[in-house]
Amino acid sequence: MINYLQKPSAKVEFKLKEKALKYIMIGDDLNVRSSNGVLLRCINQIESIRLMGEVYEGLCGSHRSETIIKWLLIWPEYY
């Protein structure tokens with residue numbers, strides 16, 4: 001996906017072109033457009049582990065609902 005978005009003139013399958021419509025590169029970061037139009041930065045596995053650790057720390061820790069955790073991660077624009 002990243003290679004195609006950096007060089008859109010490259011030959012790739014139609015399915016990849018269709019899927020790439022909701023992705024955008026900003027600098028070196030891959031972003032995806034959410035259903036409400038907000039751009040969310042795609043993160044790798046190491047970043048996701050770090051972010052989940054930050055969300056689970058603090059008062060109440062892991063006693064938060066799935067919805068709250070989802071919004072804690074979406075609010076700073078991560079995907």
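This is a predicted model: local features need pLDDT of at least 70, side-chain atom pairs count only at pLDDT 80 or more; totals for chains, interfaces and linings use all residues.
1. A word to start with: a residue is called buried when its relative accessible area is under 20%, exposed when it is over 50%, and partly exposed in between, using a 1.4 Å probe and protein chains only. Residues are numbered from 1 along each chain as its sequence is written, and side-chain values use heavy atoms, with hydrogens and water left out.

2. Now for the sheet. Here 3 strands make an open sheet in the order β1-β2-β3, with antiparallel pairing; β1 and β3 (39-41) are its edge strands, each pairing on one side only. Neighbouring strands are turned by 35 degrees against each other on average, direction ignored; the axes behind such angles are lines fitted to C-alpha atoms, for helices over the stretch in contact, and angles run from 0 to 180 degrees between N-to-C directions. Strands are DSSP runs (E, at least two residues), numbered from the N terminus, and two of them pair if DSSP finds at least two bridges between them.

3. Look next at how the strands connect. Between β1 and β2 there are 4 bridges, and these two strands form a hairpin with 2 residues between them, where Gly-27 in the turn has a positive phi of about 65 degrees. Across this pair, Tyr-23 stands opposite Val-32 and Ile-26 opposite Asp-29. The β2 and β3 strands are joined by 3 bridges; their hairpin has 5 residues between the strands, and Gly-37 there takes a positive phi near 90 degrees.

4. The two faces of β1 are worth a look. Tyr-23 and Met-25 lie on its covered face, Ile-24 and Ile-26 on the uncovered one. In a regular strand the side chains alternate between the two faces of the sheet.

5. Tyr-23 and Met-25 also belong to the largest nonpolar core, whose 6 residues include Leu-30, Val-32, Leu-40 and Cys-42. Both β1 (23-26) and β2 (29-33) give two or more residues to this core. The term covers buried Ala, Val, Leu, Ile, Met, Phe, Trp, Tyr and Cys residues joined through side-chain atoms within 4.5 Å.

6. Asn-31, in strand β2, is buried at 7% relative accessibility. Its side chain reaches the backbone oxygen of Asp-29 at 3.2 Å, a polar contact (N or O atoms within 3.5 Å, one able to donate a hydrogen and the other to accept it; residues adjacent in sequence count only if both atoms are side-chain atoms). The bridge partner of Asn-31 in β3 is Arg-41.

7. Finally, back to Arg-41. It forms a salt bridge with Glu-47, the closest N and O atoms being 3.3 Å apart. That means a side-chain nitrogen of Lys or Arg within 4 Å of a carboxyl oxygen of Asp or Glu, and the whole structure has 1. Glu-47 is partly exposed, at 23% relative accessibility.
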